[in-house]
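Below is a short report on the fold, the cores and the paired side chains of one protein. Please read it alongside the model.

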Amino acid sequence: MHVKGHFFPIASSNYQVCVATISDTHIDVINDEHVIARHAISSLNLSSGMAGLADELNFEDGSRFIPLDVNYRWPFKANNHHIMERLEKSKWAILAAVIFTPLFMWLVLYKAVPAIAVYSVDTLPRNVVEQMGEQSFTLIKKIALEPTELPAEQQTKVQAHFTSMLNALSLDQSVYRLSFYKSDSFGANAFALPHGRIVVTDDLANLLADKPNALKAVLLHEMGHVVHQHSVRITAQSAASTIVLAVVFGDLEGVAEVALGTGASFAQQGFSRDMEREADTFALTQLESLGYSSNDFADAIEALQESHTSENEHLEKVNNFLEYLSSHPSAQERIDNARGKKSNNN
């Protein structure tokens, strides 16, 4: 059997038009009646046959032979070689791919990746988490925060409450740090960063100035995010999902940048509803352990809800707030949960 094609010598892109002659045990590559290569059929390696692509023959020394006829298929190893080609032409295989590929991607991105993220955060060194947090903090300060205008006496009072709760809960003061900033973007809000820094805006401190226990509830909620490592987990999930998609779609150029710059990505994301509920549960549990009431948490949510509702005329601020809380459970759900917890305890 004679097959005309292109022969590529070892480590060369230059080819020769040759003829491959097939016997029972060997294949010879002939050019102008001279045998320029001979290989045992048992040592050959075939590329995966696909419709419309030539059936490339790879020799063990690194040379190659590609038939001119793209539809030609080598007679040896035919059963294994044509599996991909048969699948490509099978309507049932195509239908299965259409159905199961999205399901597989969903399982990977929403089940496997979060599970891996939960495991991975426990293995991260403290200095890595600190760097992630500082990246996020630097970015957020640049785009959304201004120096605080709170009186020093008010800051000292809130800081004292914060330190007292840390001591009571045996939490490391070198990790959990409180900062005050003015922010037109966030309004009355607080948020926790990956490395343990908790930011309280001036608007929030002023809103809850006459409700110190409600402010403590908010601080405990943010502590809950740090205790459960929500910031690190969501950043790890984002990075892992990006890498998975890059691998699937063959775009690996940005993987290194993703791996090195994951901290800053936290600034562009919100916590999941499950994470928010977990932080709420932490706050409610610790309020009671410290001798306060779960109603303090409900009071804080109600005050925040009323504050942001009264700002509806400032459309841009409302849009920013809605985007920031897009992944939060509804305010009423959180209020009912806190009030219900108190009622159940009574």
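Glu 130 is partly exposed because its relative accessible area is 23%. Here buried means under 20% relative accessible area, exposed over 50%, and partly exposed in between, with a 1.4 Å probe and protein chains only. Glu 130 forms a salt bridge with Arg 177, the closest N and O atoms being 3.2 Å apart. This pair links distant parts of the chain: Glu 130 sits in helix H4 (residues 126-144) and Arg 177 in strand E9 (residues 177-182), 47 residues apart.

This is a predicted model: local features need pLDDT of at least 70, side-chain atom pairs count only at pLDDT 80 or more, and totals for chains, interfaces and linings use all residues. Residues are numbered from 1 along each chain as its sequence is written, and side-chain values use heavy atoms, with hydrogens and water left out.

**Salt bridges**

The structure holds nine salt bridges. The term stands for a side-chain nitrogen of Lys or Arg within 4 Å of a carboxyl oxygen of Asp or Glu. Three of them are listed here.

| Pair | Closest N and O atoms |
|---|---|
| Arg 38 and Asp 28 | 2.6 Å |
| Glu 56 and Arg 64 | 3.6 Å |
| Arg 177 and Glu 130 | 3.2 Å |

Arg 38 is in strand E4 and Asp 28 in strand E3, ten residues apart. Arg 38 counts as exposed because its relative accessibility is 55%. Asp 28, at 13%, counts as buried. Arg 64 is partly exposed at 25%. Elsewhere, salt bridges that share partners join Asp 274, Arg 277 and Glu 333 into one network.

**Fold and surface**

The protein has 14 helices and eleven strands. Both are DSSP runs numbered from the N terminus: helices are H or I with at least four residues, strands E with at least two. Buried residues make up 41% of the 346 residues. The accessible surface comes to about 18800 Å², and 55% of it belongs to carbon and sulfur atoms. Areas come from the Shrake-Rupley method with a 1.4 Å probe; for residues, only the protein chains shown count as cover.

**Nonpolar cores**

The largest nonpolar core has 39 residues, and Leu 204 and Met 223 have the most contacts inside it. Such a core is a set of buried Ala, Val, Leu, Ile, Met, Phe, Trp, Tyr and Cys residues joined through side-chain atoms within 4.5 Å. Helix H7 (residues 212-227) gives the largest share, eight residues. Leaving aside neighbours within four places in sequence, Met 223 is in contact with residues including Phe 162, Leu 169, Tyr 176 and Phe 282. Contact means heavy atoms within 4.5 Å. A second, separate core of 17 residues includes Cys 18, Ala 20, Ile 22 and Leu 46.

**Aromatic pairs**

Rings of Phe, Tyr and Trp (its six-membered ring) pair if their centres lie within 6.5 Å; planes under 30 degrees apart count as stacked, over 60 as edge-to-face and the rest as tilted. By this rule there are six aromatic pairs. Phe 65 and Trp 74 are edge-to-face, 6.1 Å centre to centre with 65 degrees between the planes. Phe 65 is buried at 0% relative accessible area, and Trp 74 is buried at 1%. Ring pairs link Phe 65, Tyr 72 and Trp 74 into a cluster.

**Positive phi**

Glu 33 has phi near 70 degrees, a positive value in a residue other than glycine. Glu 33 is found in the loop between strand E3 (26-31) and strand E4 (34-40). At 77% relative accessibility, Glu 33 is exposed.
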